[in-house]
Amino acid sequence: MPHGRVKEPARILVVGGGYVGMYTALRLQRKLKRELRHGAVQVIVVDPEPYMTYQPFLPEAAAGSISPRHVVVPLRRVLGDCQVIIGEATAIHHGKRTATIRTLATEEEGTGSIEVHYDELVLAPGSVSRTLPVPGLAETGIGFKTVEEAIGLRNHVLEQLDIASSTRDPDVRDSALTFVFVGGGYAGVEALGELEDMARYAVRYYHNIVPEDLKWILVEATNRILPEVGEEMGTYAVRELRSRNIDVRLETRLDSCQDRIAVLSDGSRFPTRTLVWTAGVKPSPILAATDLPLNDRGRLTCTAALQVDGVEHAWAAGDAASVPDRTAAEPGAVCAPNAQHAVRQAKVLAENLLASLDGRSLTDYEHKYVGSVASLGLHRGVAHLYGRKAKGYPAWFMHRVYHLSRVPTFNRKARVLAEWILSGLFKREIVSLGSLENPRAEFKLAADTGRHPEAS
């Protein structure tokens with residue numbers, strides 16, 4: 001891009017550092033390299049976390065196949081010419097071109113939020129877990145959208161094996177060895193498949209637990225799982241899971257999970273200490289705190305050019321946006337909120353934003369969905385890509401190859417591949433590091449109680 005392409009200094013605010021936010025900022029950084037370094041343009045990225053999470057690898061991170069730090073991409077490292085603000089956008093007033101942001105510094109200082117002014121807005125805050133008013137869910141449920149939740153769940157599952165191995169109470173043992181997953185989409189099925197695989201491997205190190213003692217239950221409200229891979233592959237996935245003694249309950253809902261008892265709509269009751277909720281997502285709450293148009297599902301109404309409909313200088317894509325699907329046969333169809341669309345939309349969004357600054361015409365986003373791949377544990381999977389179907393080991397291999405090609409940066413690709421190679425040569429590392437969630441507990445105990453001799 002020639003120097004001086006942007007007529008006036010422009011401040012571009014990107015809200016969200018996920019798929020859309022990071023890829024959009026990365027493309028703007030490449031195209032506006034000279035302007036960014038001369039201060040003619042400023043790209044500001046705001047996200048509560050200093051990294052982008054590659055969510056398809058969360059199940060493998062939970063199972064220990066990939067290190068947690070290799071599932072995330074540091075924003076400051078890949079966006080060196082952008083300004084990265086670690087904070088949360090709490091309100092956006094597009095009429096005034098301002099965003100209200102709360103950062104760690106503002107909380108420490110007690111000064112409240114800061115206001116950031118912008119010329120162009122890219123809204124890509126992603127989504128959050130969609131919960132239902134199920135009694136006990138908020139108190140006992142575990143999500144599966146972040147790397148922290150994935151590693152926390154891994155630690156939790158291994159801790160349940162420790163509890164079951166050491167208790168003499170049969171009821172405690174039974175509830176510790178019962179794992180309930182709600183939601184038959186990618187997140188739920190892949191998380192269950194990988195963790196069941198890991199736990200079955202782990203019990204060989206426990207003298208009084210065998211794989212048959214573990215009880216895994218998948219609860220899905222509709223009549224199929226993994227709808228993205230098609231009905232045939234979804235049916236195969238159910239057979240595969242059931243062949244591993246996993247209780248798959250279709251057309252069933254979770255009615256309550258109070259007092260560590262999961263009650264299902266078919267009348268079943270399962271005492272359990274583990275309830276994983278992956279029953280869908282909803283748009284980020286920040287969208288409701290804007291003056292931009294939303295549809296009936298709370299997503300931003302967008303044009304095919306990824307502009308917020310009827311609003312100038314505002315752009316959106318990914319989970320937060322309702323974008324017309326130009327490849328669909330039925331009228332009014334919108335693009336599914338998934339990573340495949342998000343990454344491609346980010347490229348078109350960045351190009352269109354640059355074109356608008358230049359006064360050029362915009363390009364409509366158009367991408368035909370190529371299919372999906374899903375892992376069901378080590379060496380097991382289902383796939384429906386480019387019209388071809390696969391299952392078992394070939395599908396699992398396709399899953400790894402596909403996502404390795406999609407994970408951002410060569411650095412991450414190399415690290416993930418190295419870990420896969422090493423995990424194939426050596427045994428799994430089965431250890432719970434649950435104490436990481438309370439790093440000061442040991443020191444506080446020593447300081448407060450004098451448990452250790454040196455503390456007295």
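Hi everyone, let's start at Leu123, which sits in strand E8, residues 120-123; strands (E, at least two residues) and helices (H or I, at least four) are DSSP runs, numbered from the N terminus. Please keep in mind that this is a predicted model, where local features need pLDDT of at least 70, side-chain atom pairs count only at pLDDT 80 or more, and totals for chains, interfaces and linings use all residues. Residues are numbered from 1 along each chain as its sequence is written, and side-chain values use heavy atoms, with hydrogens and water left out.

So, is Leu123 buried or exposed? Leu123 is buried, at a relative accessible area of 0%; buried means under 20%, exposed over 50%, partly exposed in between, with a 1.4 Å probe and protein chains only. Leaving out residues up to four places away in sequence, Leu123 touches, among others, Val15, Ile92, Leu287 and Trp315, where contact means heavy atoms within 4.5 Å. Val15 is 108 residues from Leu123 in sequence, yet their C-alpha atoms are 5.1 Å apart.

Next, the core. A nonpolar core is a set of buried Ala, Val, Leu, Ile, Met, Phe, Trp, Tyr and Cys residues joined through side-chain atoms within 4.5 Å. The largest one has 117 residues, and Ile12, Leu79, Phe181 and Trp216 have the most contacts inside it. Beyond its neighbours within four places in sequence, Phe181 contacts residues including Leu153, Trp216 and Val276.

How many cavities of 30 Å³ or more does the structure hold? The count is 1. On a 1 Å grid over the protein atoms alone, a cavity is a set of points where a 1.4 Å probe fits but cannot get out, a pocket is an open set with protein on both sides within 12 Å along at least five of seven lines, and lining residues have an atom within 4 Å of a point. Arg299, Cys335 and His341 are among the residues lining the largest cavity, and helix H11, residues 339-358, gives the largest share of that lining, 3 residues.

The second largest pocket holds about 820 Å³ of space. Of its 31 lining residues, Gly64, Ser65, Ile66, Glu419 and Ser423 are the closest to its centre.

Finally, confidence: pLDDT is the predictor's confidence in each residue, from 0 to 100. The chain has a mean of 89, with 96% of residues at 70 or more, but residues 1-6 stay under 50. Where pLDDT is low, the predicted coordinates should not be read in detail.

Technical notes
Points joined across faces, edges and corners; volume = space filled by probe spheres on them.
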